Amino acid sequence: MAMLEIKDIEVYYGMIQAIKGISFEVNEGEVIALIGANGAGKTTILHTITGLLSPKKGSVLFEGKDITRIPAHKIVSLGMAHVPEGRRVFAELTVYENLKMGAYTRKDKGKIEQTLKMVYERFPRLKERKNQLAGTLSGGEQQMLAMGRALMSLPKIIVMDEPSMGLSPILVNQIFEIIEEVSKSGTTVLLVEQNAKKALSIADRAYVLETGRIVLEGDAKELMNDDAIKKAYLGE
């Protein structure tokens, strides 16, 4: 059984249909990439999966449970964390306070400090800046904080929306290394990313979106060598 199943979802903004009957699945332990041009519907899909939007038709199943109408905060407590586009850190709170917010749904309060230690080991920069206001961090540091905050909930699956956006090439490489580490430590990853080459380089499988539809799917390495993909998304 797939960890996450998206079945025939249709999503509308008013009269405009953004998602046109999409189905795909994410198996435990996989890194899955959703790639496509701006406006293809990638963020809309993530918002539907994580409970921020409701589909007009179709369903979202997480570990066999229908979560289509479950509110976002309850989905977090089931084991799904969302790293949103644009990072969305709490600018007026410190790094430490932001990280603690990531654990607010947890019942095992005694083990939160243990998770915090793990996050600091993965992101040493956050430990150095733990008392600094999140709004004063650089873009790369805010991205690390958004990822660290998501990991504080000890998710089974982490859903990431454009983690490399606006970052320098060096920081992009760092962020993708961290995503690989997160995957190797046992967390399933669903990744939406404009940088198709980077996304495909770390993914197991990928789905290509165009105007609200999946037009191609398959092994990520094979898609990297597909001439149409190279031309459309890899700049080759």
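Is Lys156 buried, partly exposed or exposed, in terms of relative accessibility?

A: Lys156 counts as partly exposed, at 35% relative accessibility.

The model is predicted, so local features need pLDDT of at least 70 and side-chain atom pairs count only at pLDDT 80 or more, whereas totals for chains, interfaces and linings use all residues. Residues are numbered from 1 along each chain as its sequence is written, and side-chain values use heavy atoms, with hydrogens and water left out.

The side chain of Lys156 meets that of Glu63 in a salt bridge, at 2.9 Å from N to O. A salt bridge here is a side-chain nitrogen of Lys or Arg within 4 Å of a carboxyl oxygen of Asp or Glu. Glu63 lies in the loop between E4 and E5, and Lys156 in the loop between H6 and strand E7 (157-161), so the pair ties together parts that are 93 residues apart in sequence. Glu63 is likewise partly exposed, with a relative accessible area of 37%. Helices (H or I, at least four residues) and strands (E, at least two) are DSSP runs, numbered from the N terminus.

The structure holds 7 salt bridges. Among them is the contact between Glu141 and Arg129, whose closest N and O atoms are 2.9 Å apart. Glu141 lies in helix H6 and Arg129 in the loop between helix H5 (124-128) and H6, so this pair ties together parts that are 12 residues apart in sequence. Glu141 counts as buried, at 6% relative accessibility, while Arg129 is partly exposed at 24%. Arg129 also meets Glu128 in a salt bridge of 3.3 Å, N to O, and Glu128 is exposed, with a relative accessible area of 59%. Arg125, Glu128, Arg129 and Glu141 are linked in a network of salt bridges.

Two strands pair if DSSP finds at least two bridges between them; strand E1 (residues 4-13) and strand E4 (residues 57-62) pair over 5 bridges. Lys7 stands opposite Ser59 in E4.

Helix H6 also takes part in the largest pocket: H6 (139-151), helix H1 (42-49), helix H2 (72-78) and strand E6 (80-83) each supply at least two residues of its lining. H2 gives the most, with 4 residues. The pocket is lined by 23 residues, of which Val76, Ala81, His82, Pro84 and Arg149 lie nearest its centre. On a 1 Å grid over the protein atoms alone, a pocket is an open set of points where a 1.4 Å probe fits, with protein on both sides within 12 Å along at least five of seven lines; lining residues have an atom within 4 Å of a point.

Notes: Buried means under 20% relative accessible area, exposed over 50%, partly exposed in between (1.4 Å probe, protein chains only).
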